[in-house]
Protein chains: 2
Amino acid sequence: MLPKGFKYAGVSAGLKDGHKKDLGVIVSDRRAVCAGITTTNQAAASCVKYNRRILRRGKARAIVVNTKFANACVGRQGDKDNLEMAKKTERLFGGPVLTASTGIIGQNMPMDKINKGIDLLAKNLTDNYDDFAEAILTTDLVVKKITKTIQLLGRDVTIAGAAKGSGMIHPNMATMLAFITTDAGISAGQLQRIIREVADISFNQVTVDGDTSTNDMCLCLANGASGARLDKNTLPLFRAALTETLIYLAKEIARDGEGATKLIEVNVNGARSPKEARLAARAAAGSPLVKCAVYGGDNNWGRVIAAVGRSGARFDPEKVKMDWAGLQTKEVTINIDLKQGKYSAQAWGCDLTEEYIKINTKYN
Amino acid sequence: MLPKGFKYAGVSAGLKDGHKKDLGVIVSDRRAVCAGITTTNQAAASCVKYNRRILRRGKARAIVVNTKFANACVGRQGDKDNLEMAKKTERLFGGPVLTASTGIIGQNMPMDKINKGIDLLAKNLTDNYDDFAEAILTTDLVVKKITKTIQLLGRDVTIAGAAKGSGMIHPNMATMLAFITTDAGISAGQLQRIIREVADISFNQVTVDGDTSTNDMCLCLANGASGARLDKNTLPLFRAALTETLIYLAKEIARDGEGATKLIEVNVNGARSPKEARLAARAAAGSPLVKCAVYGGDNNWGRVIAAVGRSGARFDPEKVKMDWAGLQTKEVTINIDLKQGKYSAQAWGCDLTEEYIKINTKYN
């Protein structure tokens, strides 16, 4: 089931070669509450800067996404083109419109193709989420999407999420594009708070290569079409469903990291603080040497200790307990008990393979 | 010319396969002043913890190095074995003795071989620096050494340096093993201050893979055998020579990074502070995506901007100036002007290739 009151489209606007889908849109049939998290990169793209203003006001009608041109580091022309993309979408579907771009940095968007593509989106608007989920991919190999329905206040409340990942994936936020729609009734402030908390334990714990992109965002629209207006009893249930959604997408992003053959899940327990738990888990999941060891099927715990050792988490290397599971499968789990305190965290990464090098040597 | 009053040896103690050299020693003919910098990794190896005590006292006679076993994460046995290695060396050459180990984490040193190897070192002590420089290597492909002589106060003052690098190379310190000997006359306090300052602009600006090892150190012995006691006029000249020495070794380490085919030198100018300059340079030199672009001969400046953008350095992406040189050669230079202030820094890295994956998948 998809959230009520949303339509989606994904088309080829001719930006990518070979008629690949490269432009997508999400439209709410009414003005929705919006919330989101944007890259921490200083060189934030035009779309990021533009969205921050809309997110502060907390209302949006649609999200339009192009996945061929990052529209970053292209000066004022980038801001102008981004605004044109937003306004064109607004004329067709209503506003405000959030924008997202990803792809090559430093090249201008071909606005004729973008504008024609947006017209094409309008013609293809349906209840079908798949085209949208496909249109937002770049070097991803598989579509990453999920829907989740829970009963709240006698209504079906649905959350849908689609994400792209692959390269330049590393906390903080600044990690990927993720689009969440829900028909829950919630205030912008509540949604913003929940999204931030949940992103910290999901998207911000994914690492593919340690690079943080100029463009990446998690955007969320909540249009209230379910008829369930969340209250203090139901908010925690909604939060739990959103957490499952985001963690699912985070893992899918790690699993489909550029060149990856294995998903790495790191579970840290016994840390002195939640932050130290997160840092330790991320350092282990992100270490190039750990990633190579996993690729080689080698439970090289010394490399894990060394990675946790530089993470900032306090521990005594003599007391740490560690176990590995699934080393010969496609999902490797590394459990680390720091024996220092009561806090836990998870992080996800992938192995580092020759294919990562190939993809990033040739991509342009 | 080598510094006066030092002898060296490098032998095969049978730790590594194929009679490769794996044990080395530096011995001063008199008690020398010592200074050094040790890894920031929480899981510091036994040798690191042991040396920190000696470095605080500032006097040493010798340095003994094994390059097969990191002797890290092996509990109290590691401390005991390290002490045994130090004491055995001390009986033969005098003390105190600094120790260094690198190699596999989590395995105990075979002390019978170590002890016999130290006896062998005593028999092979010569003025020949080459055997020592060879014995300290692990997956390095080439020896990294340099000697430098300057005239100070009517005397020849010589600095010799040898280093190992390759994998797990990343600031902060915690980056490699480097051994510096000099016959300059200098106090331990002065030497410590200079080493720290110079390491910050040399070894701490080298990044190969973002991992920081449990064992790595830069150790320096100064025995005064030149007869030149440095004063406030000659200290800056000595510092300049030491800077050249350490930057040379830093570049050699980057050039010989695991799997590397190209050295990357990043020059950042126009930063708001020295720290921001260093962070920006390091982020650019260390970005996996930049490293892949260099490997592919692609001057992908967008990836550089994205890397600098997450470094913590303040800048306006629209104002940055960048140029690339030597992209088709073995030494690629990326010059970045942040246009924000007057501070500069350099960093060194290497390209990321399929060979890095191969080395780190199979190494154990």
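In strand 2 of chain B, B:Tyr8 has B:Ile26 as its bridge partner, helices (H or I, at least four residues) and strands (E, at least two) being DSSP runs numbered from the N terminus. The model is a predicted one, in which local features need pLDDT of at least 70 and side-chain atom pairs count only at pLDDT 80 or more, whereas totals for chains, interfaces and linings use all residues. Residues are numbered from 1 along each chain as its sequence is written, and chains are lettered from A and ligands numbered from 1 in the order in which they are written.

Strand 1 (residues 6-11) of chain B runs antiparallel to strand 2 of chain B and is joined to it by six bridges, two strands being taken as paired if DSSP finds at least two bridges between them. Strand 2 of chain B is also joined by seven bridges to strand 3 (residues 59-66) of chain B, again in the antiparallel sense, and here B:Ile26 has B:Ile63 as its bridge partner. A further antiparallel pairing, over six bridges, links strand 2 of chain B to strand 8 (residues 217-222) of chain B, with B:Cys34 opposite B:Leu221. Strand 2 (residues 23-38) of chain B is mostly covered, 13 of its 16 residues being buried; a residue is buried if 20 or more other C-beta atoms, placed from the backbone, lie within 10 Å of its own, exposed if 12 or fewer, and partly exposed in between.

B:Ile63 is also among the residues with the most contacts inside the largest nonpolar core, which has 244 residues, and A:Ile63 is another of them. Such a core is a set of buried Ala, Val, Leu, Ile, Met, Phe, Trp, Tyr and Cys residues joined through C-beta atoms within 7 Å. Beyond its neighbours within four places in sequence, A:Ile63 is in contact with A:Val25, A:Ile26, A:Leu98, A:Ala100, A:Phe179, A:Leu219 and A:Leu221, contact meaning that the C-beta atoms of two residues, placed from the backbone, lie within 7 Å.

Chain A is divided into domain 1 (6-254) and domain 2 (263-362), with bounds that come from an automatic or database domain assignment. The C-alpha centres of these two domains of chain A lie 29 Å apart, and 13 residues of domain 1 of chain A are in contact with 14 residues of domain 2 of chain A.

Strand 9 (residues 263-271) of chain A runs parallel to strand 11 of chain A and is joined to it by seven bridges, whereas strand 10 (residues 321-325) of chain A pairs with strand 11 of chain A in the antiparallel sense over five bridges. Five residues separate strand 10 and strand 11 of chain A in a hairpin, where A:Gly326 in the turn has a positive phi of about 75 degrees.

In chain B, four strands form an open sheet of mixed pairing in the order 10-11-9-12. Strand 10 (321-325) and strand 12 (343-350) of chain B stand at its edges with a single partner strand each, so one side of each is left without a neighbour in the sheet. Eight of the eight residues of helix 8 (residues 288-295) of chain B are buried, so this helix is largely enclosed by the rest of the structure. Helix 8 of chain B is followed by B:Gly297, whose phi is positive, near 70 degrees.
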